[in-house]
Amino acid sequence: MENSNFNLPLWEELPDIELYMDQLIGYLEKKLGFLSGVEDEKFVTSTMINNYVKKKIILPPEKKKYNREHLAYLFIIIILKRVFAISKISAFIENITKEKGIDEAYNEFCSEMKSAYELVFNGKKDKELEKNDTALKAVALLYAYKMYAENLL
């Protein structure tokens with residue numbers, strides 16, 4: 001996996017038209033293809049999206065159509081669900097959108113994610129990360145940062 005594959009669309013780059021479920025899933029799969037590590041692994045399905053609506057993590061679609069706001073929420077959820085429980089992700093989204101709109105919060109999320117990816121995969125490493133890091137060290141750092149993030153939420 002390389003950072004060159006990591007590229008979330010910014011708010012302004014999200015489709016300006018509303019999408020039906022199958023179009024929404026197709027768009028998310030195309031843009032998040034870098035998440036596919038295991039063949040046939042689905043990181044987004046209509047059932048998942050319907051559950052996020054039922055749990056009130058995202059707003060229900062209007063006339064079965066999803067807009068930019070839905071997409072922004074779904075990008076955040078899909079990326080973070082590999083690390084955090086849905087309840088933590090929901091709290092995170094609420095926290096980052098509290099003082100600014102979803103458009104600004106989402107763009108900041110994209111920027112921070114890209115910076116983190118560059119830090120880890122592009123050699124722009126800090127003193128904690130070295131070229132020959134072991135999986136054990138990476139897992140330990142992941143856990144520590146995850147616990148730190150949960151305490152912030």
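## Overall architecture

Helices (H or I, at least four residues) and strands (E, at least two) are DSSP runs numbered from the N terminus. This is a predicted model, in which local features need pLDDT of at least 70 and side-chain atom pairs count only at pLDDT 80 or more, while totals for chains, interfaces and linings use all residues. Residues are numbered from 1 along each chain as its sequence is written, and side-chain values use heavy atoms, with hydrogens and water left out.

Of the 153 residues in the protein, 33% are buried; buried means under 20% relative accessible area, exposed means over 50%, and partly exposed lies in between (1.4 Å probe, protein chains only). The protein exposes about 10,000 Å², of which carbon and sulfur atoms supply 53%. Accessible areas come from the Shrake-Rupley method with a 1.4 Å probe, and for residues only the protein chains shown count as cover. Among contacts in the protein with a separation of 6 or more, 65% involve residues 24 or more positions apart, where contact means heavy atoms within 4.5 Å.

## Helix α3

Helix α3 comprises the 13 residues 68-80, and its end C-alpha atoms are 18 Å apart, in agreement with the 18 Å that it should span at 1.5 Å a residue. The expected span of a helix is 1.5 Å times one less than its number of residues. At the start of α3, the backbone nitrogen of E69 has a side-chain oxygen of N67 within 3.0 Å.

Helix α3 is mostly covered, with eleven of its 13 residues buried. These buried residues are H70, L71, A72, Y73, L74, F75, I76, I77, I78, I79 and L80. Their packing partners are α1 (21-31), α2 (46-54), α4 (86-96) and α5 (102-121).

## The α3 and α5 pair

Helix α5 has 20 residues and reaches 28 Å from its first C-alpha to its last, close to the 28 Å expected at 1.5 Å a residue. Its buried residues are I102, A105, Y106, N107, F109, C110 and Y117, and they pack against α3 and α4.

The axes of α3 and α5 come within 10 Å and cross at roughly 35°. Axes are lines fitted to C-alpha atoms, for helices over the stretch in contact, and angles run from 0 to 180 degrees between N-to-C directions. The crossing of these two helices, α3 and α5, is left-handed; a crossing is left-handed if the near helix is turned anticlockwise from the far one by less than a right angle, and right-handed if clockwise. On the α3 side, E69, A72, Y73, F75, I76, I79 and L80 meet I102, Y106, F109 and M113 of α5.

## H70 and its surroundings

H70 lies in helix α3 and counts as buried because its relative accessibility is 4%. Leaving aside neighbours within four places in sequence, H70 is in contact with I58, L59, P60, P61 and K65. A polar atom of the H70 side chain lies 2.9 Å from the backbone oxygen of L59. A polar contact is a pair of N or O atoms within 3.5 Å; within protein, one must be able to donate a hydrogen and the other to accept it, and residues adjacent in sequence count only if both atoms are side-chain atoms.

H70 and I102 are 32 residues apart in sequence, and their C-alpha atoms are 9.9 Å apart in space.

N50 is placed in helix α2 and counts as partly exposed, at 34% relative accessibility. Apart from its neighbours within four places in sequence, N50 is in contact with M21 and Y66. The C-alpha atoms of N50 and P60 are separated by 8.5 Å, and the two residues are ten apart along the chain.

K56 occurs in the loop between α2 and α3 and has a positive phi of about 60° although it is not a glycine. K56 is exposed, with a relative accessible area of 71%. K64 is also found in the loop between α2 and α3; its phi is near 65°, a positive value in a residue other than glycine. With a relative accessible area of 67%, K64 is exposed.
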